[in-house]
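This report describes the fold of a single protein chain and then the surroundings of one of its residues.

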Amino acid sequence: MAHPEPRPAVHPARPAGSPTNGRAAGHAPSSDGDAARTRKRAALSGFLFGCGIAASMIDLFIFHLGLQWHHFYDLSTHEVALVTDGFFHAFGWFITVWGLFLLADVRRRGGVHWPHWAGAVVLGAGFFQLFDGVVDHKLLGIHQIRYGVDILPYDLVWNGTAVILMLIGFLVLRRGARAYRDA
C-alpha cells in the first residue's frame with residue numbers, strides 16, 4: 001500500500017503560500033546568512049558549470065575531436081587515448097550537470113543574480129584551462145596542446161587566455177556579488 005505524501009509544515013502565524021517579509025515564499029533568502037550561502041552556492045554552481053563546459057565542450061570537442069591535436073592521455077596507444085577521452089568527457093559532463101543542479105537549487109532558494117553567476121562561469125572556464133595547461137601539460141606531461149610544432153607559442157596563448165578569463169570572471173563575479181548584497 002502506498003504511503004500518502006507528507007504535507008509541508010505550515011507556519012502557525014501565516015497560511016501556506018503567503019508572502020514572507022514582503023516577498024513571495026521560497027523566492028528570497030530570509031537572513032544575511034541565507035543570502036551569503038545562496039551567493040556562495042550560486043558562485044560554486046557557475047564555477048562548476050564553467051569548468052565542465054571548458055572540459056567537455058571546448059577542450060574535448062575542439063582540441064580532442066575536432067582538431068585532433070591531442071587526447072587526454074597521450075602516453076600510450078591510440079585506443080587508450082580514446083578511452084581516456086571518454087572518461088574525461090563523462091567527468092566533464094558530470095561537473096556540468098552538477099553545476100546545473102546547484103543552479104536549480106539556488107533559483108529555488110532565492111533567485112540568481114545572473115552577472116554573478118556568469119562571472120563564476122568565466123572564472124571556472126579559465127581555471128580549468130589553466131589547471132589543464134599547468135598540471136596536465138607541464139607537471140604530469142600526460143598530453144601537450146599540439147605535437148610536432150614549437151609548443152611555446154601554444155602554451156603562452158593557452159595559459160595566457162586562461163589567466164585573462166580568470167581575471168574577467170573574478171571582476172564580473174565581484175561586481176555581481178554586490179548585486180546580492182544590495183538586493
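From the N terminus on, the elements of the protein chain follow the order α-α-α-α, and the secondary structure amounts to 4 helices and 0 strands. Helices (H or I, at least four residues) and strands (E, at least two) are DSSP runs, numbered from the N terminus. The model is predicted: local features need pLDDT of at least 70, side-chain atom pairs count only at pLDDT 80 or more, and totals for chains, interfaces and linings use all residues. Residues are numbered from 1 along each chain as its sequence is written, and side-chain values use heavy atoms, with hydrogens and water left out.

Values for the whole chain are listed below.

| Property of the protein chain | Value |
|---|---|
| Buried share of the 183 residues | 34% |
| Share joining residues at least 24 apart, among contacts between residues at least 6 apart in sequence | 74% |
| Share of the accessible surface belonging to carbon and sulfur atoms | 68% of about 11300 Å² |

Buried means under 20% relative accessible area, exposed over 50%, and partly exposed in between (1.4 Å probe, protein chains only). Contact means heavy atoms within 4.5 Å. Accessible areas come from the Shrake-Rupley method with a 1.4 Å probe; for residues, only the protein chains shown count as cover.

Aspartate 155 lies in helix H4, which spans residues 151-182. With a relative accessible area of 9%, aspartate 155 is buried. Leaving aside residues up to four places away in sequence, aspartate 155 touches His137, Lys138, Gln144, Ile145 and Gly160. The side chains of aspartate 155 and lysine 138 are joined by a polar contact of 2.6 Å. Such a contact is a pair of N or O atoms within 3.5 Å; within protein, one must be able to donate a hydrogen and the other to accept it, and residues adjacent in sequence count only if both atoms are side-chain atoms. Glutamine 144 is 11 residues from aspartate 155 along the chain, and their C-alpha atoms are separated by 8.7 Å.
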